[in-house]
Amino acid sequence: MRNILTITLNDLRVFFADMGNVAGLVVLPVVLTLILGIATGGGGDNTVRLRVDFLDLDNTPESAQVLESLRNTNASLYFCPVDDGEETNCRLEDDETLTLELAQQRVRDGISEALIVIPAGYAEKLQTFEPVAIDYYSLADAVSGDIVLTALDAAVLEVNGAIVAAQVGVQIGDNFDPESDTPIFEDDATRAEFSQKVYDRATTYLAQQPLTIQYVVNQEVVENEISAATAGFGQSVPGQGSTFVMFTVMGGLFILIRERKQATLQRLVIMPITRAEILAGKALTYFTLGMIQYMIVFIVGVFSGMDFGDAPFAIFLTMVAFVVCIAALTFALATRISTEGQANGVSLLLSMTLAPLGGAWWPIEITPPIMQTIAQISPVYWAMSGFKEVIFYQGTLTDVLVPVGVLLAAAVVLFWIGVRGFKYG
Amino acid sequence: MNRIWTIAWKEIFLTYSDRSFLLILVTPLVLSTIIGFAFGGLSGNTLNIGAIDVAIVNLDEGTTANNQTFNYGTIFTDIFIPTDSAVTDANQCVIDGVVQPTEEQQPLSEIIQAVALISADAARAGVDDGTYQVAIIIPPDFSQNLAPVVGANIDDTPLPKTTLEVYASSGDALSGDIVRGIVAGISQQFVTGNVAVAATLNTFIAESQARPGFAVRFLAAQAAGTFQPDFSCAFSDALNTVTIQNEPLTAIQKQSNFVQILVQIGSAQALFFALFTSLFGLLSVYDERKNGTLQRMMVAPMPPSYILVGKILGNYLNVLLQVVLLMLGLTLIASLVEGRLLFIWGDLAWVSLLVVVISLSVSGVGSLIVGFARTQQQAQVVGPLINSGFAILGGAFGFTLPAIVGQFSPIYWGSQAFLSLANGNTDIGLNLLVLLVQGGVMFIVGSWLFNKRSGI
């Protein structure tokens, strides 16, 4: 055991003697964890108002109703040119008129978040119950989502509600008394007037929003800002931690090849220690570095106000299992790799693909089912399952046994491959 | 000139004959494909993610109107957990004997897998422990407060309100958002139906009050039982007339989500990995000195500046070739996934110009890092950190930062230019200028420093 510790301590001393290694272990993991945590909900300014171009080619009370519904749906949006002011600057020149082409270009140039166009004849089509489309332009992509479209969807639902009411009202008026030959509406004007009254009444009722949806996210109490931190950092801390553990531990591959090339390994072999002790010493080095890397990233979570759940030992066990598995993978790869270039390439390839594949960079739930199935080949998937059980789902030690078991089973197989084929010279 | 080319060619040969370089070429392609598939199912008309486990708790006590008892909570639950065909028939809108077509939607069963529970606390606990992803809790007053309020002179009376609860997990915010959107759509149909009933009947009553003739007929029809209004259409989306037309603003928006992501992330990834090629390509001078190759070149009958220029030119061409290969690789992946030959990058002449300029910028970064670093080891540590920083700022990892921060990265300017060209927009003058100035300055300063460090 003493020999093992001596090898480990020596390797760690060499590693930490280089300030560059220390920087690599701390700077990028911390920066990336913070950026991702903040970007996915762990902070930032939620009061930013978004500029949306609203081109009303109809200029009727009905088209104005769409705008009103949009305002009710999402107060963070402001609409140009109607809302142009000091705090809601539309970035239009004094004599500039917002045309369709200009508005489209503004969205392309990122000046406006989106463009909504109410077509000419909108109100007329509503009154005659003809289909009418509101044109929507945006550069929002699948990755970033589209909150303007969500608001427009809700506004259109409301507008359609009043239209449906008016249509149903007229339809019922038409069939008012099937046994009578005299229609209830004397002429088309009376019919249209009745329709308008039902429409206006429905609009008034809908504006009162008789049904609201209370959206509650567990651990998220509005008054408590810590909740948002858990949502953002709950993904980024274990995710980036696992990613950088892979970088750090698999970086050992490069060191192993270099030691072999510089004959350091061969020198160890001729010393009075067993080969098992040499391997155990190296494995302990990578294990220690991996755990240090996890600790650094998790400390970011602590300072960000993240809630780690009630089972710290379950989190620790998941960390241990993952680091052991990656250390074993490193040894297994070392049997097949002979140059430093290959070591760099392989560790980069595996770290950069297994991490996102396994759900380290984004929640695995957002990916298609087939991706979620493929993800299970990545050790990161099992580590993230364990972490999420504890952090988000009040999991205990029992809940992480399956992911930990899978990781340890994989570690046994990989160690067996690594130890069996390990080349000392 | 031949000698410079020979040295440059040697650089290219050494880089591309190294089998491990294949991994540097493969990694960005694999990573971009993973990101493309991961986010490709997030928008559009159908959601391509696994079914969301939902618990529904119906606490609705129902209500009675016109001697009829009804429970909207039960109808709501049946939409998520269909029990028989009666529910779907109930939503049909028939006008003059013709069933009106409704908007074609992705079946709810493909998105949601729901179970009914009787306790709200149990449902919330189920979400907390991960058994369910989302819980929907229908309140006891749901039907009572949603039911149409009909009567004379009630327009000024505020309508009763009810609240549906959607309870989600902070560990799976996306599922919560999706279910909230679905619940909003379905519940709006309930609201619309009841509002239509109330607005119609109250208009009839108001008309009766205003016009005696109308009142006589209305009362007579009611008394005779011939006034049998059919409000089924009010609870269906068949009569919705207003739709949203999502207009493509750029050429790339006409492509699938996968292709859009591949252009955006793939170009950024290509540049990110090209930064490594530039860095490690120039760092090889240290190994050459160690192995004596550099000294041998120095004693060859040619000015030492040839060695420097050849080395830097070789490094530039390495980067250029790598960017071209990665773009071809991404084009191939897009074509394979889409099942048709697809060139995803836009105008070839502009793309070529951009590749030439961006390669200068990328190799400039490498020169600068190697030039500034005092030792090979220092460059090996600091270089990847700087490269990764540029990648984060430039949006290479699937998330974007505000432009004001991103603009510090050549990856930002490069990937934005690639995106513009893919969109059919050749207005990339500013991007080219920034890359040219940024890259040119780094290239010149870096080459000068590199010359000093390498001792050529």
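Strand β4 (residues 132-138) of chain A pairs in the parallel sense with strand β9 (residues 242-246) of chain B, over five bridges. Two strands count as paired if DSSP finds at least two bridges between them. Within this pairing, Tyr136(A) has Asn246(B) of β9(B) as its bridge partner. Helices (H or I, at least four residues) and strands (E, at least two) are DSSP runs, numbered from the N terminus.

The model is predicted: local features need pLDDT of at least 70, side-chain atom pairs count only at pLDDT 80 or more, and totals for chains, interfaces and linings use all residues. Residues are numbered from 1 along each chain as its sequence is written, chains are lettered from A and ligands numbered from 1 in the order in which they are written, and side-chain values use heavy atoms, with hydrogens and water left out.

**Interface between the chains**

In the contact between the chains (heavy atoms within 4.5 Å), 100 residues of chain A meet 104 residues of chain B. The two chains bury about 9,300 Å² between them, and carbon and sulfur atoms account for 66% of it.

Between chain A and chain B, 23 residue pairs are in polar contact, both residues being at pLDDT 80 or more. A polar contact is a pair of N or O atoms within 3.5 Å; within protein, one must be able to donate a hydrogen and the other to accept it, and residues adjacent in sequence count only if both atoms are side-chain atoms. Helix α6 (residues 147-174) of chain A supplies the largest share of the side of chain A that touches chain B, namely 18 residues. By class, that side has 58 nonpolar, 27 polar and 15 charged residues. Ala, Val, Leu, Ile, Met, Phe, Trp, Tyr, Cys and Pro count as nonpolar, Asp, Glu, Lys and Arg as charged, and the others, Gly among them, as polar.

**Salt bridges**

A salt bridge requires a side-chain nitrogen of Lys or Arg within 4 Å of a carboxyl oxygen of Asp or Glu. The structure holds 14 salt bridges over all chains, and the count between chain A and chain B is one. Two of these pairs are tabulated below.

| Residue | Partner | N to O distance |
|---|---|---|
| Lys197(A) | Glu207(B) | 2.7 Å |
| Lys282(A) | Asp11(A) | 2.9 Å |

Lys282(A), in helix α10 (residues 275-303) of chain A, and Asp11(A), in helix α1 (residues 2-17) of chain A, are 271 residues apart and link distant parts of the chain.

**Domains and backbone geometry**

Domain bounds come from an automatic or database domain assignment. Chain A is divided into domain 1 (2-42 + 226-421) and domain 2 (50-207), whose C-alpha centres lie 53 Å apart.

The peptide bond from Cys80(A) to Pro81(A) is cis, with omega near 10 degrees. Pro81(A) lies in the loop between β2 (77-80) and α4 (100-108) of chain A.

How values were computed:
Buried area = accessible area lost by both parts, 1.4 Å probe.
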